[in-house]
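The following report considers selected local features of one protein chain.

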Amino acid sequence: MRLTFLHDPRGGESLTLIRRADGAEFNLFSYSRKHRVPHDLAHAVTERELRMPDGIFGCIAAGAVFDSMEQTAGKKRHDAKVRSARILKAPNSIGMSEALSSVFHMAVEKDQSTPYAEVREMWGVTRADPCPYADVDLDRTTETLRELSHRWQASSDPLDFPWPESLQAEASQHGPKIRVRTGRRDR
């Protein structure tokens, strides 16, 4: 999957072009006018750098479609709604992604250092197990988001963001396993 963050002419908004491996393309509309850094960019960086396969973008890579998305190209699957529901029904990290990306987002917005304590506190709010991320992971996430936010602010050019193929959500066990086909002879 490939993500491209675009400056939306609607005055301070951003738009994310999503090109999935199955050939489907979508616009994801973001509402981040009050922030320098697009909210969806914070999500993408957090999920990619912390290797969260079942956050928002990992679910999209697997075939989920959210209400804020509009398909612009590619063949629409006959079972798109069922597929999306099955992916989103499976246990996922969307809530954790929301929580952690908001912590990194605010740290970068306010030009603060890596929010170690806030990340671990946010993890502990929803999970009983210890936070699995080392300081180096949190530093990498903060610095990547900071660097991309500087690029975003310095230019009106699109910001390309490759998404690792390995970061893709699993479908719920209530149905056959979902595979994203990447070509004619996907085996």
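At 46% relative accessibility, Arg51 counts as partly exposed, because that value lies between the limits of 20% and 50%. This residue belongs to a predicted model. Arg51 is located in the loop that joins α1 (39-49) to α2 (56-62). Its backbone shows a positive phi of about 55°, although Arg51 is not a glycine. Most residues other than glycine have a negative phi.

Asp111 likewise has a positive phi of about 55° without being a glycine. Asp111 lies in the loop between α4 and α5 (116-126).

**Salt bridges**

The structure holds eleven salt bridges. Asp111 takes part in one of them, with Arg36 as its partner; the closest N and O atoms are 3.8 Å apart. This pair connects distant parts of the chain, 75 residues apart: Arg36 is in the loop between β3 (25-30) and α1, and Asp111 is in the loop between α4 and α5. Arg36 is partly exposed at 31% relative accessibility, whereas Asp111 counts as exposed at 53%.

A further salt bridge joins the side chains of Arg48 and Glu49, at 3.0 Å from N to O. Arg48 is buried, with a relative accessible area of 18%, and Glu49 is buried as well, at 11%. Both values count as buried because they fall under the 20% limit. Arg48 and Glu49 also belong to a network of salt bridges that includes Asp137 and Arg140.

The side chains of Arg127 and Asp129 form another salt bridge, with an N to O distance of 3.3 Å. Arg127 is partly exposed, with a relative accessible area of 38%, and Asp129 is partly exposed at 32%.

| Salt bridge | N to O distance | Relative accessibility |
|---|---|---|
| Arg36 and Asp111 | 3.8 Å | Arg36 31%, Asp111 53% |
| Arg48 and Glu49 | 3.0 Å | Arg48 18%, Glu49 11% |
| Arg127 and Asp129 | 3.3 Å | Arg127 38%, Asp129 32% |

**A serine within α4**

Is Ser101 buried or exposed? Ser101 counts as buried, because its relative accessibility is 1%, under the limit of 20%. Ser101 is part of helix α4 (residues 94-109). Its side chain reaches the backbone oxygen of Ser97 at a distance of 2.7 Å. When residues up to four places away in sequence are not counted, Ser101 touches Ala42, His43 and Thr46.

**The nonpolar core**

The largest nonpolar core comprises 42 residues, and those with the most contacts inside it are Leu3, Ile18, Leu41, Phe57 and Phe161. At least two residues of this core come from each of β1 (2-8), β3, α1, α2, α4, α5, α6 (135-154) and β5 (159-162).

Which residues does Phe57 touch, not counting those up to four places away in sequence? Phe57 touches Met1, Leu3, Ile18, Leu28, Asp40, His43, Ala44, Glu47 and Trp163. Two of these contacts, Leu3 and Ile18, are listed with Phe57 among the core residues that have the most contacts. His43 is touched by Ser101 and also by Phe57.

Definitions and conventions. Residues numbered from 1 in each chain as written. Predicted model: local features only at pLDDT ≥ 70, side-chain atom pairs only at ≥ 80, totals over all residues. Heavy atoms only, no water. Helix = DSSP H or I, 4+ residues; strand = E, 2+ residues; numbered from the N terminus. Buried < 20%, exposed > 50% of the residue type's maximum accessible area, 1.4 Å probe, protein only. Polar contact = N/O pair within 3.5 Å; in protein donor to acceptor, adjacent residues only side chain to side chain. Contact = heavy atoms within 4.5 Å. Salt bridge = Lys/Arg side-chain N within 4 Å of Asp/Glu carboxyl O. Core = buried A, V, L, I, M, F, W, Y, C linked by side-chain atoms within 4.5 Å.
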